[in-house]
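I opened this notebook to record, entry by entry, what I looked up in the structure.

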There are 2 protein chains.
Amino acid sequence: MSRPLPATPFLALDLPVLDANIERVADWAAERGLALRPHVKTHKSPEIGHRQSEAGASGITVATIGEAEVFAQAGFDDVFIAYPVWLDAERASRLRRLAAEGTVRVGFDSLEAARRLAGVGVEGIVEVDSGHHRSGVLPDEAGELAAQAADAGLVVAGVFTFPGHSYGPEARIGAAAQEASALRVASAAMTAAGIVPRIISGGSTPSLAATGEGLTETRPGVYVFNDAQQWELGACVPEQIALTCHATVVSHAGGRLVLDAGSKVLGADKAAWASGFGRLLDHPQARIVLLSEHHAVADLDGEPLPPLGSTVRVVPNHACNAVNLVDEFTVLSQGRLVGRWDVAARGMNA
Amino acid sequence: MSRPLPATPFLALDLPVLDANIERVADWAAERGLALRPHVKTHKSPEIGHRQSEAGASGITVATIGEAEVFAQAGFDDVFIAYPVWLDAERASRLRRLAAEGTVRVGFDSLEAARRLAGVGVEGIVEVDSGHHRSGVLPDEAGELAAQAADAGLVVAGVFTFPGHSYGPEARIGAAAQEASALRVASAAMTAAGIVPRIISGGSTPSLAATGEGLTETRPGVYVFNDAQQWELGACVPEQIALTCHATVVSHAGGRLVLDAGSKVLGADKAAWASGFGRLLDHPQARIVLLSEHHAVADLDGEPLPPLGSTVRVVPNHACNAVNLVDEFTVLSQGRLVGRWDVAARGMNA
């Protein structure tokens, strides 16, 4: 007899799909001669990180010192914090401890931040803005910043960007081209300033397939799971979705499907271009049209409603934020429970 | 010397503001002769629930059995699960245990759900749809459903609605009127069917001030904290905002303010009518114009940017979802740390 599943709503991983996603992208990166440094903020799980390493990942990417600490404790010794971390005394001492145990690189986009990184034992990587307009200097400013940071005592290992503007309809290919162009301009500016970049790093899941020339490394995150955003952007097919939220049908009010999965387990993400608050894996025409904390109301486009009490698999819009809401993954293979994996770095925002 | 604050980003409570919010609404309900049964899904904190009880709350409202269990363990013995819970065997036994220790009432909007609630020791409360179109039967269907549920062996204690359509510009007063009307129609239908409702329950924070006649009970949640949504809807003034996320300025890229608080601590909520992804308490003109997992980019409308490394107080759009992302509140009074309170029911979605 198989072990019982938890009460809904819970986040389930389809293990064969997860492993296929990990293999596929690892093989793709190997064929292109690109180092693959997955962003583990998506899964926050050392178990999944180890599977990525075994498939050939060259190290990991994290967003915070807290995530780096959780993964360091699990044996990961080559970490890039792809974020313009601002060091105060507390963070400096945490970073110094991490750097004593392995290779730690940290993003920066100002001389003030670089000065604080100098002397704690980490390498710096200049962040450039390739069109997402979040953080990062302009590509042609990278040379001057890198040289000033080096003068301030920081070892500058390279340059990175996040082409987050790949998250939009028909935006993936253009964003990948802008990523490659920004990194090329920045690398040339750094080289001209006497700081030859060893690492030239980009990557997002939507832009991955169109990655241009000149990068040494890519840092996708969501590809391990995929989600309704990737499905909608055409960056995956439904058979490549490894993460779903199992939800119970609790009401048929108004002739619609009401599920017990709300924004407290799916996340409230809804990009301006998204067609809903999430989708149903087994009902491709359906859209979640109303989402509150514990209710998802789905429009099934005329399909008969699954009965009260039945289970439906919801695909969250944004896997990273859904995962950050739960303490564990329920790991399934052929629908049977095969494990429970901790979301060990959940909530590690600092 | 005062104790140090945690590393940013963290959720801070302003204790005097919190207490004033609790008192103000308790006094208002008492003056109107309304029972106040706060929805504790907002704070998930027994400490705050006890403060609400001491100010006169008649019991608590929760959304899930898991939340009810956490609060029962902390001594709360009068709980309404304002949700159309679908009982399977596991949930039935959990509910039976809860009902053995105190008064437990549960929402329902179908006869099938009512049949499952009969016999586990709880009372049922019919849910009606007053215009939010989420769950609930139509008001004039409440009599028939209540009578059928009673025939199936369920003690039907009353009727409830959630006027969630109060969340919209200029929608608060109309939603309160529809709430009162729906509850009046439903109560009359139930009385005509021989089930006189003892409890007639409504309530949302935006509609609170306009609550109409005929209710016996109100269930607001967000009023304890308030948030950017309430601020924007005119349901509070900034001086009544008790919950903020303390964030560090990490970048001035593009001449904008980049903060280390993203959707993993603020939540990704952005209603169609919201002017941004959150606001800054000390910069009322500012809007968060771009939010990703660990970055908030704020437009300060021409104000000079606070310096790199300084701390800014962000008001989340939706307090309930922000709170569900953290394990504890950092409790401040006059800016000094006076406590840390567990978000004990965080993640209790089932």
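**Conventions.** I take helices (H or I, at least four residues) and strands (E, at least two) as DSSP runs, numbered from the N terminus, and I take the expected span of a helix as 1.5 Å times one less than its number of residues. The model is predicted, so I keep to its limits: local features need pLDDT of at least 70, side-chain atom pairs count only at pLDDT 80 or more, and totals for chains, interfaces and linings use all residues. Residues are numbered from 1 along each chain as its sequence is written, while chains are lettered from A and ligands numbered from 1 in the order in which they are written.

**Confidence.** I looked up pLDDT, the predictor's confidence in each residue, from 0 to 100, and found that chain A averages 97, with 99% of the residues scoring at least 70. For the complex, the predictor gives an ipTM of 0.97 and a pTM of 0.97.

**Helix α7 of chain A.** I followed this helix over residues 172–192, which are 21 residues, and its first and last C-alpha are 30 Å apart, close to the 30 Å expected at 1.5 Å a residue. I then asked which of its residues are buried. For burial I count C-beta atoms placed from the backbone: a residue is buried if 20 or more others lie within 10 Å of its own, exposed if 12 or fewer, and partly exposed in between. By that count the buried residues of α7(A) include A:R172, A:Q178 and A:E179, along with A:L183, A:S187 and A:M190. The buried residues of α7(A) pack against β6 (123–127), α6 (142–151), β7 (155–160), β8 (199–202) and α8 (228–233) of chain A. Just after α7(A), I noted a positive phi of about 90° at A:G194.

**Sheet of chain A.** I read pairing from DSSP, where two strands pair if at least two bridges are found between them. Chain A has an open sheet of 8 strands in the order β2-β9-β8-β7-β6-β5-β4-β3, with parallel pairing. Its edge strands are β2 (35–36) and β3 (60–62) of chain A, each of which pairs on one side only. Within the sheet, β5 (residues 103–108) of chain A runs parallel to β6(A) and is joined to it by 4 bridges, and A:V106 stands opposite A:G124 in β6(A).

**Domains of chain A.** The domain bounds come from an automatic or database domain assignment, which gives domain 1 (16–224) and domain 2 (230–341) in chain A. How many residues of each are in contact? Taking contact as C-beta atoms, placed from the backbone, within 7 Å, I find 19 residues of domain 1 of chain A touching 15 residues of domain 2 of chain A. On the domain 1 side, the largest share, 4 residues, comes from helix α1 (residues 15–32) of chain A. I sorted residues into nonpolar (Ala, Val, Leu, Ile, Met, Phe, Trp, Tyr, Cys and Pro), charged (Asp, Glu, Lys and Arg) and polar (the others, Gly among them); that side of domain 1 of chain A divides into 8 nonpolar, 7 polar and 4 charged. The centres of the two domains of chain A, taken over C-alpha atoms, are separated by 31 Å.

**Between the chains.** I find 51 residues of chain B in contact with 51 residues of chain A. On the chain B side, β4 (78–84), α4 (89–101), β10 (243–251), α9 (263–266) and α10 (319–323) each supply at least two residues. The residues of that side divide into 20 nonpolar, 20 polar and 11 charged.

**Chain B, strands.** Strand β14 (residues 296–299) of chain B is joined to β11 (residues 257–259) of chain B by 3 antiparallel bridges, with B:A296 as the partner of B:L259. Strand β13 (residues 287–291) of chain B also pairs with β14(B) in the antiparallel sense, over 4 bridges, and here B:L291 stands opposite B:A296. β13(B) and β14(B) form a hairpin with 4 residues between them.

**Chain B, helices.** Last, I looked at B:D27 in helix α1 (residues 15–32) of chain B: B:D27 counts as partly exposed because it has 13 C-beta neighbours inside 10 Å.

How values were computed. Contact = placed C-beta atoms within 7 Å.
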